[in-house]
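Here is a short report on one protein chain. Please keep the sequence and the model open while reading.

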Amino acid sequence: ILQVQPAMGHGTSKRKADGSVPGVNFLGKSIVTRFLYSVMLTRCYSGKKLKNKPLLRLIEHLALELRAAFYEGIQTKSGTVYLVPIAMKGDWPALVKCGQLTRHHLRDVSGKGASKGSGAGICHLCLGGQASHDWFDISHENMKKMKVGATPPWKSEPALVRHLPLGPYKPDFFRIDIFHTLHKGVFGDIAANAIDLWLLVI
């Protein structure tokens with residue numbers, strides 16, 4: 001599912017927008033907070049034969065339309081509206097496919113290499129998982145060190161960063177979706193483990 005979510009909206013369940021100033025766009029069902037661009041079944045683009053090519057062509061069309069909306073704008077009754085693409089968010093598999101990332105969560109190293117950090121890299125934003133970059137050291141100094149000298153995480157620029165006007169560090173365009181990473185990811189594991197340990201204690 002490809003969709004565009006405007007940043008401004010009716011606020012959140014914690015803080016609703018008062019009407020004079022819009023809040024963030026989280027209040028309401030996804031059908032009213034997002035503009036659906038396209039839907040494609042996985043079997044239509046994945047596999048050894050297709051290799052995501054239909055999906056990448058579709059994303060390129062989206063990128064070109066977003067580029068036109070930025071430079072030329074969209075005509076409305078009230079005047080011209082210009083769209084400013086801020087980021088692409090999604091779960092990790094979506095980021096890997098759409099960003100054509102060569103460094104990502106599936107590049108984790110196991111065994112002896114894990115302690116040395118000798119893989120291709122597990123993060124598109126830094127060198128974590130590569131030689132001399134221990135990703136499991138989450139100290140501030142190590143995190144800063146892993147960002148230094150990070151090369152682009154792709155063989156060739158994906159359409160979304162090739163066509164859109166972006167800042168100097170283009171990998172930043174691909175953002176980790178907090179919902180998938182925390183609510184459906186890490187937090188889910190933490191909750192399950194806590195319940196499991198609690199049951200063992202009682």
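The sections below cover the overall fold, a pocket, the salt bridges, some contacts and the backbone.

## Overall picture

This is a predicted model. The chain holds 7 helices and 8 strands. It has 202 residues, and 27% of them count as buried.

The accessible surface of the chain is about 14000 Å². Carbon and sulfur atoms account for 61% of that surface. Contacts can also be sorted by sequence separation. Among those between residues at least 6 apart in sequence, 40% join residues at least 24 apart.

## The second largest pocket

How much space lies in the second largest pocket? The value is about 470 Å³. The lining consists of 15 residues. Nearest the pocket centre lie Trp92, Ile122, Cys123, Cys126 and Trp135.

Sorted by class, the lining has 11 nonpolar residues, 2 polar ones and 2 charged ones.

## Salt bridges

Side chains of opposite charge can pair when their charged atoms come close. The count for this model is 3 salt bridges.

Glutamate 60 pairs with arginine 162. Their closest N and O atoms are 3.0 Å apart. Glutamate 60 has 27% relative accessibility, so it counts as partly exposed. Arginine 162 is also partly exposed, at 39%.

Glutamate 157 forms a salt bridge with lysine 170. Here the closest N and O atoms are 3.0 Å apart. This pair, too, links distant parts of the chain, and its residues are 13 apart. Glutamate 157 lies in the loop between α5 and α6. Lysine 170 lies in the loop between α6 and β8 (174-176). Both ends are partly exposed: glutamate 157 at 30% relative accessibility, lysine 170 at 24%.

Glutamate 141 and lysine 144 also meet through their side chains, at 3.9 Å from N to O. What separates these two residues along helix α5? They are 3 residues apart in the helix, so about one helical turn lies between them. Glutamate 141 is exposed, with a relative accessible area of 55%. That value passes the cut-off, because exposed means over 50%. Lysine 144 is partly exposed, at 45%.

## Contacts across the sequence

Alanine 87 is in the loop between β6 (79-81) and β7 (88-90). Is it buried or partly exposed? At 35% relative accessibility, alanine 87 counts as partly exposed. Leaving out residues up to four places away in sequence, alanine 87 touches Phe173 and Arg175. Alanine 87 and arginine 175 are 88 residues apart in sequence. In space, their C-alpha atoms are 6.4 Å apart.

Valine 24 belongs to strand β3, residues 23-24. Its relative accessible area is 39%, so valine 24 is partly exposed. Which residues does valine 24 touch, not counting those up to four places away in sequence? They are Ala7, Met8, Gly9, His10, Gly11 and Thr12. Valine 24 and methionine 8 are 16 residues apart in sequence, with a C-alpha to C-alpha distance of 4.7 Å.

## Backbone angles

Lysine 51 is not a glycine, although its phi is positive, at about 50°. Lysine 51 lies in the loop between β4 (35-38) and α2. Its side is open to solvent by the accessibility criterion: lysine 51 is exposed, with a relative accessible area of 57%.

Glutamine 100 is another residue other than glycine with a positive phi, near 50°. Where is glutamine 100 found? It is in the loop between α3 (92-99) and α4 (112-116). Glutamine 100 is partly exposed, with a relative accessible area of 31%.

Methods
Residues numbered from 1 in each chain as written. Predicted model: local features only at pLDDT ≥ 70, side-chain atom pairs only at ≥ 80, totals over all residues. Heavy atoms only, no water. 1 Å grid on protein atoms, 1.4 Å probe; cavity = no way out; pocket = protein on both sides within 12 Å on 5 of 7 lines; lining within 4 Å. Points joined across faces, edges and corners; volume = space filled by probe spheres on them. Nonpolar A, V, L, I, M, F, W, Y, C, P; charged D, E, K, R; others polar. Salt bridge = Lys/Arg side-chain N within 4 Å of Asp/Glu carboxyl O. Buried < 20%, exposed > 50% of the residue type's maximum accessible area, 1.4 Å probe, protein only. Helix = DSSP H or I, 4+ residues; strand = E, 2+ residues; numbered from the N terminus. Contact = heavy atoms within 4.5 Å. Areas by Shrake-Rupley, 256 points an atom, 1.4 Å probe, with all protein chains shown as cover.
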